[in-house]
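Please keep the sequence and the structure open side by side while reading.

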Amino acid sequence: MTAQAQTVLVVEDESSIASFVALYLKNAGYSVRTAATGNEALAQAQSERPDLIVLDLMLPDVDGIEVCRRIRKDSDVPILMLTARDEDVDKIIGLEVGADDYMTKPFNPRELVARVRAILRRATTEREKGESAVLVHGDLTVDAGRREARVGEEEIQLAPKEFDLLWELLDHRGLVLTRDQLLER
Ligand code: CA
């Protein structure tokens with residue numbers, strides 16, 4: 001396993017399914033953590049910052065939909081939902097709880113690994129796009145992709161270190177907007 005192995009959190013109370021899924025993911029090169037309850041999943045999502053979460057819908061305490069909703073409040077970690085019933089799919093999709101994909105049980109573990117891989121690839125591409133993000137504060141606009149800072153229409157000349165500092169300062173104000181979001185507004 002490489003040092004950069006991506007971490008997948010598997011949330012499933014049925015230990016046979018959890019260990020089976022974990023085994024396949026480990027064999028595919030992922031670092032795997034498991035949680036058997038919704039509360040444990042929420043705690044691990046916070047503390048471990050996994051790269052992806054495989055989340056079963058039916059859990060003994062907080063159900064998967066609620067777990068997904070709570071995680072979405074402060075994280076855009078990709079989530080693959082597992083469900084035992086077809087009718088739940090409507091809920092997952094219809095309520096737009098923020099899951100990235102879902103699979104209906106019983107599923108082929110190879111298919112699950114393929115989905116995990118696809119979702120992570122997509123997430124990485126989006127993160128790379130996000131690196132050309134734009135920060136705005138009042139009249140000040142900072143474009144990380146072009147490394148440009150401007151006040152209104154006027155460009156400010158900054159040394160690379162100054163630029164990085166400015167970016168960090170704005171970034172920590174929680175004012176990150178992608179170019180698309182800016183255009184939208
Ligand atoms: Ca379950």
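Two strands are said to pair if DSSP finds at least two bridges between them. The model shown is a predicted one, and in this model strand 8 supplies Ala 149 as the bridge partner of Val 142. That bridge belongs to the pairing of strand 7 with strand 8 (residues 148–151), two antiparallel strands that are joined by 4 bridges. The hairpin these strands make has 4 residues between them, and there Arg 147 takes a positive phi near 50 degrees.

Strand 7 (residues 140–143) is also joined by 4 bridges to strand 6 (residues 134–137), again in an antiparallel arrangement. Here Val 136 has Thr 141 of strand 7 as its bridge partner. In this hairpin 2 residues lie between the strands, and Gly 138 takes a positive phi near 60 degrees.

Turning to helix 2, which spans residues 38–48, one finds Gly 38, Ala 41, Leu 42, Gln 44 and Ala 45 buried. Seen down the helix axis, these buried residues fall within an arc of 170 degrees, and therefore they line one face of helix 2. What do the buried residues of helix 2 pack against? Their contacts are with strand 1 (7–11), strand 2 (31–35), strand 3 (52–56) and helix 3 (64–72). Just after helix 2, Arg 49 takes a positive phi of about 45 degrees.

The next stop is the metal site. The calcium ion is coordinated at 2.0 to 2.6 Å by Glu 12 (OE), Asp 13 (OD), Asp 56 (OD) and Met 58 (O), and along the sequence these donor residues follow the spacing E-D-x42-D-x1-M. Are Glu 12 and Asp 13 buried or partly exposed? Glu 12 counts as buried because its relative accessible area is 2%, under the 20% limit for that class, whereas Asp 13, with a relative accessible area of 32%, is partly exposed.

Finally, a search of the whole structure finds 1 aromatic pair. This pair is formed by Phe 20 and Tyr 24 in an edge-to-face arrangement, with 5.5 Å centre to centre and 75 degrees between the planes. Both residues lie in helix 1 (residues 15–27), where they are 4 residues apart, about one turn of the helix. Phe 20 is partly exposed at 36% relative accessibility, and Tyr 24 is likewise partly exposed, with a relative accessible area of 26%.

Technical notes. Residues numbered from 1 in each chain as written. Predicted model: local features only at pLDDT ≥ 70, side-chain atom pairs only at ≥ 80, totals over all residues. Heavy atoms only, no water. Donors = N, O, S within 2.8 Å, 3.2 Å for Na, K, Ca; no water. Buried < 20%, exposed > 50% of the residue type's maximum accessible area, 1.4 Å probe, protein only. Phe/Tyr/Trp six-rings, centres within 6.5 Å; stacked < 30°, edge-to-face > 60°. Arc of directions from axis to C-beta. Contact = heavy atoms within 4.5 Å.
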